[in-house]
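Open the model in your viewer and keep the sequence panel beside it. This tour tells you what to select at each stop.

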Amino acid sequence: MKKRLAVFILLSFCCATMLSVAVRAQGSAGAGTSSTSSGQQQTTPQAQQQPSQPKLMSPNVANVQPGEVYHRPTDKEKLRSWAFVSFGPYAFIGSAAAAGEQQAKNSAPEWGQGWDAYGVRVANNFGINLVTQTTRYGLAQVFHEDTLFYRCECDGFVPRLKHALISTITARRGDDGHRVFSVASLVAPYAGGETAALAWYPSRYNAMDGFRISNYNLAVQAGLNVALEFIYGGPRTFLGKHHVPVLSNATGSSQQ
C-alpha cells in the first residue's frame, strides 16, 4: 500500500506540474503577443528570423537542422509535444504493436487470451507510455530541461548512433541549449514501469518486476531516438531521401 501511495503521489505531482505549466504558458503567450507587436518595428524582417525557429515535428523531435541556431522551445510548444507523444497516433500504434507481442508471448498469463485480453494489454502499454511521458514532461519543467530530440550535427553512422543513444538520458538546458545529464529522461521510463507493476499488473508483480519492465521501457525510448535520427523527417534521414508519401508530409522530411 505504501508503494502504491508513493506512486499516486508521484502522479499527482506530475499532473499538478503539468497543469501549472499550462496555465503559465497561456499567460506568457498573451504577454508575448503584446511584446512582439510593440517590437516588430525595431527588429529585422520576420523572414530572416525563421531559420532559427524550431518546428515541432512528430513524434517528439524539433526540426532544427544542423548549423541552425538553437531556439529554446516555449512552454506551449513543450505542452503540445507532450500531448502528441501521449495521445497521438504513435502512442496508440505503439501500444497496439507491443500488445500484440505480449499476446503472442502470453504476458502476463493472468490476463489470458482473446480480444478482451488484448484490450487489457493495449491499455497497459498506453498507460506505461502516458506515465512515462507525463513524468518526463513534469520533471523537465521542474529542472528547466528541454527533452525534445534534436538530430545530430555530426556525420557518419556511428557518431549519429551514439548521439541518439546518449540523447536518451540527456537534455538541453539554458538559452544556448548546452547538453546536460537529464534527471527527467532517466527517471521517466522507470516511473512508467514501476507504476504499471505496482498499480495494475497482477498482484504477484513487485518492484523488481517493475524494474525489469522499466529497463525494457528505457530501451524502447532509446530505440525511438534512433528512429528519429535515421528514419523520421529531415533531408538526412532514410524517409527524407526516399520521400515516402504520407510520412514524409507528416514529419516534414520533404523540407530542405
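A crossing of two helices is right-handed if the near helix is turned clockwise from the far one by less than a right angle, and left-handed if anticlockwise. Keep that in mind for the first stop. Note too that this is a predicted model.

**Stop one: two helices**

Select residues 115-142, helix α5, and then residues 183-199, helix α7. How far apart are their axes? The distance is 8 Å, and the helices pack at an angle of about 145 degrees. The crossing of α5 past α7 is right-handed.

Now show side chains. On the α5 side, pick N124, I128, V131, T132, T135, R136, L139 and A140. Facing them in α7 are A184, S185, V187, A188, P189, A191, G192, G193, T195 and A196. Colour this contact by class: ten residues are nonpolar, seven are polar and one is charged.

Stay on α5 and click A123, which lies in this helix. Draw a C-alpha to C-alpha distance from A123 to A99. It reads 8.6 Å, although the two are 24 residues apart in sequence.

**Stop two: the core**

Select A108, W111, I128, A196, A197, Y201, Y205 and I213. These eight residues form the largest nonpolar core. I128 and A196 also belong to the contact of α5 with α7.

Centre on Y201. Which residues does Y201 touch, leaving aside its neighbours within four places in sequence? They are Q102, A108, W111, N124, A196 and I213.

**Stop three: the sheet**

Switch to the cartoon view. Find the open sheet of three strands, in the order β3-β4-β5 with antiparallel pairing. β3 (145-146) and β5 stand at the edges. Each has a single partner strand, so one side of each lacks a neighbour in the sheet. Strands of a sheet pair through backbone hydrogen bonds.

Start with β3 and β4, which pair over two bridges. Select E145 and look across to R173 in β4, which stands opposite.

Move on to β4 (residues 170-173) and β5 (residues 178-181). Their antiparallel pairing runs over four bridges. Click T170: its bridge partner in β5 is F181.

End at the hairpin of β4 and β5, with four residues between the strands. Select G174 there; its phi is positive, near 80 degrees.

Notes:
Residues numbered from 1 in each chain as written. Predicted model: local features only at pLDDT ≥ 70, side-chain atom pairs only at ≥ 80, totals over all residues. Heavy atoms only, no water. Pairing = 2+ DSSP bridges. Axes fitted to C-alpha atoms, helices over the stretch in contact; angles between N-to-C directions. Contact = heavy atoms within 4.5 Å. Nonpolar A, V, L, I, M, F, W, Y, C, P; charged D, E, K, R; others polar. Core = buried A, V, L, I, M, F, W, Y, C linked by side-chain atoms within 4.5 Å. Buried < 20%, exposed > 50% of the residue type's maximum accessible area, 1.4 Å probe, protein only.
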